[in-house]
Amino acid sequence: MIFNEEFETLPREALEALQLKRLKQVAGRVYHTVGFYKTAFDEAGITPDDISTLDDLKRLPFTAKEDLRENYPFGLFTVPMSNIVRLHASSGITGKPTVVGYTRRDIDIWSRLMARSLVAAGLTSNDIIHNAYGYGLFTGGLGVHYGAEMLGSSVIPMSGGSTKKQLMILQDFGPTAICSTPSYALYLAERGEEMGVDMRSLRLRVGILGAEPWSEKMREKIEDKLGIRALDMYGLSEVIGPGVAMECAVGRDGMHVFEDHFIVETINPETGETVPYGEEGELVFTSLTKEAFPLIRYRTGDISRLMKEPCRCGRTYTRMARISGRSDDMLIIRGVNVFPSEIESVFQGIEGLGPHYELTVDREHNLDTLEIRVEMSEDVFSDEIRILQKTEQRITKDIKDYLGVIAKVKLVGTGSLEHSEGTIQRVVDNRKI
Ligand code: ADP
Ligand code: ZN
């Protein structure tokens, strides 16, 4: 089944013609309404009128997360606040989040993209969807929610946490699909087993999983433990939220990028050059139809490769392979994105702390753990355990409050951490996914 047959199966030529028309429109709009784009285009020596083929996209400047930070919070919006009906935020780089806004039409398009994604996963209006993506400033929860409603399925707005309640609802409401991070799906499965629930005999048949990297091995494990088919979904707030790309149940090999709304490119993160199809590179997206917050050549930091070969499902969109890494130092901890610099900005203001620190990420019982070890200068470093513990607790609380991440904080004396000349931070990621 295909939700928007007429768009999702457009012959490539027609799809590219549509992309070009929309690219010209969006480039013109950002150039004339947002100072940042006017300057960036002028510096690159290009105007929207110079765009005559899709290849001209390569001449447009990139947009980076730093540009979003510099225009925090609403500086890149192209419409007045009176037209914005929703705001979401994701992680920023140095303490301030990345803010995204939507008009009513944007919400409608996003819902449609999510409905397409759910249908690509084989769902219909008869399905009951257990939505365990976080609601709130994240886009995951509400994104899936609106798509499920547009499709006409029954959505359970579960959000994250409250594992026992989730298990009760999985048994009692009989959802047929679960939307969550892959690690949480596995965590639920194992907690259920421990509690004596026969997880394979639940009514669940499909998992729509994303928001963090995972592997084929993990897919097999989830499918086996829950007796479902697990499919990969990709999205990011800056581009729209979940529903940028979705793996179809038929082909189940890479995620279809909804190219009537986005242009996807892969570039060499060092040089910015386009990499050939099929080779790994950093994903770059241009949004073609968003009103409030369109983005031109946004560098996601996510590494993947693009596949052009036709898919058995009939969709003509390019597919992207699973995300294989990041071009920057962003970490995803229990589905929450964090930059080391954001963590640093939490303890930066405390006298005697830093600058050297170490982050250790691990996975215990399918849940990510984060340990932060921060060096403390000798004159402040106190042997009095109580005082140290108090400071550790305060940082733990601030990290939870500001970043939404649970961390174990440990203060250590100067010189305790391994570091070479000049390095301030070290990240050790021991997760095996
Ligand atoms: P949300 O608000 O839904 O959590 P964010 O914008 O905070 O979205 O996070 C987006 C990031 O999450 C992406 O840039 C990518 O790094 C990661 N991500 C999203 N989906 C996937 C996926 N299917 N596989 C791997 N990583 C993903
Ligand atoms: Zn397909």
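The residues that line the second largest pocket of this predicted model divide into eight nonpolar, four polar and seven charged, where Ala, Val, Leu, Ile, Met, Phe, Trp, Tyr, Cys and Pro count as nonpolar, Asp, Glu, Lys and Arg as charged, and the others, Gly among them, as polar. The model is a predicted one, in which local features need pLDDT of at least 70 and side-chain atom pairs count only at pLDDT 80 or more, while totals for chains, interfaces and linings use all residues. Residues are numbered from 1 along each chain as its sequence is written, chains are lettered from A and ligands numbered from 1 in the order in which they are written, and side-chain values use heavy atoms, with hydrogens and water left out.

The lining of this pocket comprises 19 residues, of which Lys58, Ile263, Val264, Glu265 and Tyr277 lie nearest the pocket centre; a pocket is an open set of points on a 1 Å grid over the protein atoms alone where a 1.4 Å probe fits, with protein on both sides within 12 Å along at least five of seven lines, and lining residues have an atom within 4 Å of a point. Its volume is about 370 Å³, taken as the space filled by probe spheres set on the points. Strand β10 (262–267) and helix α2 (12–33) each supply at least two lining residues, and the largest share, four residues, comes from β10; helices (H or I, at least four residues) and strands (E, at least two) are DSSP runs, numbered from the N terminus.

Nine strands form an open sheet of mixed pairing, in the order β4-β3-β5-β6-β7-β8-β9-β14-β13, two strands being paired if DSSP finds at least two bridges between them. Because β4 (154–156) and β13 (306–307) stand at the edges with a single partner strand each, one side of each is left without a neighbour in the sheet. Strands β8 (residues 241–247) and β9 (residues 255–257) pair in the antiparallel sense over three bridges, and Ala245 has Val257 in β9 as its bridge partner. Helix α5 (residues 104–120) packs on the sheet, touching β3, β5, β6, β7 and β8, where contact means heavy atoms within 4.5 Å.

Tyr357 is placed in strand β18 and counts as buried, at 2% relative accessibility, buried meaning under 20% relative accessible area with a 1.4 Å probe and protein chains only. Beyond its neighbours within four places in sequence, Tyr357 is in contact with residues including Pro340, Phe347, Arg373 and Leu417.

Definitions and conventions: Axes are lines fitted to C-alpha atoms, for helices over the stretch in contact, and angles run from 0 to 180 degrees between N-to-C directions. Buried means under 20% relative accessible area, exposed over 50%, partly exposed in between (1.4 Å probe, protein chains only).
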